[in-house]
Amino acid sequence: MTPERCQVQGCSAQVYAPGGTGSLCKDHFIQFVNWRRRRGPGMFQKYAAMSMEGRDAIVAEWKKTVTVVE
């Protein structure tokens with residue numbers, strides 16, 4: 001069985017934390033949390049109350065802002 005990798009396209013780092021139904025590496029997870037924080041303090045409560053499908057939509061929106069540097 002191969003170890004799970006970050007869900008950001010082009011990133012091959014190992015999984016650190018969940019991002020929706022997928023998983024993110026440590027660097028991308030920190031970027032995701034910071035992105036949510038910049039969207040306002042209510043985003044944390046909103047995200048916590050969302051279904052997994054809703055969370056996936058938020059993660060997909062965030063992934064549009066990510067650039068992968070190798």
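This is a predicted model: local features need pLDDT of at least 70, side-chain atom pairs count only at pLDDT 80 or more; totals for chains, interfaces and linings use all residues.

Colleague: What box do the C-alpha atoms fill?
Modeller: Roughly 35 × 25 × 15 Å, taken along the principal axes.

Colleague: And how many helices and strands are there?
Modeller: Three helices and two strands, running β-β-α-α-α from the N terminus on. Those are DSSP runs numbered from the N terminus: helices are H or I with at least four residues, strands are E with at least two.

Colleague: OK, helices. At what angle do H1 and H3 pack?
Modeller: About 100°, with the axes 11 Å apart; H1 is residues 26-38 and H3 is residues 52-63. Axes are lines fitted to C-alpha atoms, for helices over the stretch in contact, and angles run from 0 to 180 degrees between N-to-C directions. H1 and H3 are therefore roughly perpendicular. For the cut-offs, under 35 degrees is roughly parallel, over 145 roughly antiparallel, 65 to 115 roughly perpendicular, and the rest oblique.

Colleague: Which residues make that contact?
Modeller: H1 brings His-28, Gln-31, Phe-32 and Trp-35, and H3 brings Ile-58, Val-59, Glu-61 and Trp-62. Contact means heavy atoms within 4.5 Å. By class, the H1 and H3 contact has five nonpolar, two polar and one charged residues. Ala, Val, Leu, Ile, Met, Phe, Trp, Tyr, Cys and Pro count as nonpolar, Asp, Glu, Lys and Arg as charged, and the others, Gly among them, as polar.

Colleague: Where does H2 meet H1?
Modeller: Met-43, Phe-44 and Tyr-47 of H2 meet Phe-32, Val-33, Arg-36 and Arg-37 of H1. Helix H2 is residues 42-49, and H1 and H2 pack at about 115° with axes 7 Å apart.

Colleague: How are H2 and H3 set relative to each other?
Modeller: H2 and H3 are oblique, at an angle of about 135° with axes 8 Å apart. Met-43, Tyr-47 and Ala-48 of H2 meet Arg-55, Ile-58 and Val-59 of H3. That H2 and H3 contact has five nonpolar, no polar and one charged residues.

Colleague: Back to His-28: buried or exposed?
Modeller: His-28 is buried, with a relative accessible area of 6%. Buried means under 20%, exposed over 50%, partly exposed in between (1.4 Å probe, protein chains only). Not counting residues up to four places away in sequence, His-28 touches Cys-6, Val-8, Cys-11, Trp-62, Val-66 and Val-68.

Colleague: What about Arg-5, where does that lie?
Modeller: Arg-5 lies in the segment before strand E1 (17-19). Arg-5 is partly exposed, with a relative accessible area of 38%. Leaving out residues up to four places away in sequence, Arg-5 touches Ser-12, Ala-13, Gln-14, Val-15 and Ser-23.

Colleague: Last one: what percentage of the chain's residues are buried?
Modeller: Buried residues make up 33% of the 70.

Terms used: Residues are numbered from 1 along each chain as its sequence is written. Side-chain values use heavy atoms; hydrogens and water are left out.
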